[in-house]
Amino acid sequence: MTATSPATRLTGYAHGGGCACKIPPGELEDVVRGLMPSPSTTREGELLVGLEDGDDAAAVRIRDGLALIATTDFFTPVVDDPYDWGRIAAANALSDVYAMGGRPVIALNLLCWPREVLPYDLAAEVLRGGLAVADLAGCHVAGGHSVDDPEPKYGMAVTGIADPEALIRNDAARPGTPLTLTKPLGLGVLNNRHKATGESFAAAVEVMTTLNGEASRAAVAAGIRAGTDITGFGLLGHAHKLARASGVTAVIDSSAVPFLDGAREAARDGYVPGGSRRNLDWVRPHARLDVDETMALLLADAQTSGGLLLAGEIPGHPVVGEIVAAEEGRTLRVT
């Protein structure tokens with residue numbers, strides 16, 4: 001780890017960092033509850049995945065063998081380097097398409113910028129980072145939208161394509177299936193430590209800028225049909241949503257979950273984002289947690305551009321639990 005220069009620390013302009021700034025999941029569900037489209041309206045295509053189960057993106061079948069996937073994601077600075085922030089935000093937005101077994105095709109930039117406070121050359125670096133990751137994904141970037149905002153934010157609206165019969169979704173997990181996690185946890189606590197102290201964590205940046213495309217393609221090839229990506233609601237929050245939508249219970253083996261170096265120490269030293277604590281509060285009534293509070297917080301830690309949680313196995317990634325038949329009163333059991 002290294003320390004960053006105090007000059008123009010982007011994280012200092014944000015009230016939080018990355019996906020830890022999401023509206024708490026319980027509050028968000030209250031807001032969107034009941035927002036269902038009119039059944040009498042004629043629309044193009046067949047909506048395959050919408051609002052009901054909190055999936056990573058929406059999917060519409062436009063013809064046999066082809067579905068469109070649409071998503072958007074943006075957030076405040078999670079690191080101080082503008083190029084890295086752009087790369088992380090783009091990888092995170094593209095991940096929603098990969099999480100559903102799709103391939104990103106085109107992205108539009110979303111930029112909020114305090115134009116009288118931060119120079120435009122930093123904004124250009126953010127956009128350059130986003131473009132670099134989109135290039136790695138083979139995804140077009142074609143314009144976007146910007147607003148003058150006192151708090152910097154960046155992300156993308158992404159459209160992808162997928163086989164409608166091979167979508168990966170929240171409601172398809174079945175008992176007897178292993179759970180695989182494709183990236184280590186600890187991004188929230190390390191990013192929070194970076195924001196507070198200026199220490200840089202290269203391994204965390206490497207994880208956040210790694211695309212989930214390879215893991216997604218492996219999952220589709222393996223016939224996996226249930227999964228999600230791990231972002232602002234943490235492993236426990238996203239596993240809860242998957243189990244709830246599927247009518248099952250997810251069992252997490254904490255000893256099998258990989259963590260980034262320094263994550264346990266950051267949590268022990270108190271660098272736990274408020275979003276991570278809210279995640280744990282949200283899932284606690286639905287979970288049996290046979291772990292200590294620090295481990296529970298790490299498992300609920302708000303991730304930014306985290307990995308995929310898949311109901312199935314793919315080579316090279318650890319199995320961290322299993323799906324079992326629904327246990328009365330809980331969607332999660334953590335050992």
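Reply: A residue is called buried when its relative accessible area is under 20%, exposed when that area is over 50%, and partly exposed in between, with a 1.4 Å probe and protein chains only. At 13% relative accessibility, Cys-112 therefore counts as buried, and Cys-139, which has a relative accessible area of 5%, is likewise buried. A disulfide is a pair of cysteine sulfur atoms within 2.5 Å, and by this rule the count is zero disulfides.

The model is a predicted one, in which local features need pLDDT of at least 70 and side-chain atom pairs count only at pLDDT 80 or more, while totals for chains, interfaces and linings use all residues. Residues are numbered from 1 along each chain as its sequence is written, and side-chain values use heavy atoms, with hydrogens and water left out.

The protein chain has ten helices and 15 strands, where helices (H or I, at least four residues) and strands (E, at least two) are DSSP runs numbered from the N terminus. Of the 335 residues in the protein chain, 53% are buried. Contact here means heavy atoms within 4.5 Å, and among the contacts in the protein chain between residues at least 6 apart in sequence, 85% join residues at least 24 apart.

Just after H4 comes Gly-198, which takes a positive phi of about 85°.

Among these partners, H5 can be followed residue by residue. The axes of H4 and H5 are 10 Å apart, and the two helices pack at an angle of about 125°, where axes are lines fitted to C-alpha atoms, for helices over the stretch in contact, and angles run from 0 to 180 degrees between N-to-C directions. That angle makes H4 oblique to H5, because angles under 35 degrees count as roughly parallel, those over 145 as roughly antiparallel, those from 65 to 115 as roughly perpendicular, and the rest as oblique. On the H4 side the contact is made by Leu-187, Leu-190 and Asn-191, and on the H5 side by Ala-204, Val-207 and Met-208. By class, the contact of H4 with H5 has five nonpolar residues, one polar residue and no charged residues; in this scheme Ala, Val, Leu, Ile, Met, Phe, Trp, Tyr, Cys and Pro count as nonpolar, Asp, Glu, Lys and Arg as charged, and the others, Gly among them, as polar.

Helix H5 (residues 202–209) also meets helix H2 (residues 82–99), where the axes come within 8 Å and cross at roughly 40°. This makes H2 oblique to H5. From H2 the contact draws on Asp-84, Arg-87, Ile-88 and Ala-91, while H5 supplies Val-205, Met-208 and Thr-209. Sorted by class, the contact of H2 with H5 has four nonpolar, one polar and two charged residues.

Although Ser-305 is not a glycine, it has a positive phi of about 55°, and with a relative accessible area of 1% Ser-305 is buried.

Leaving aside neighbours within four places in sequence, Ala-59 is in contact with Glu-46, Leu-47, Leu-48, Val-49, Leu-68, Ile-69, Met-100 and Leu-167. Ala-59 and Met-100 are 41 residues apart in sequence, yet their C-alpha atoms are 8.8 Å apart in space. For Arg-63 and Glu-46, which are 17 residues apart along the chain, the C-alpha atoms are separated by 8.7 Å.
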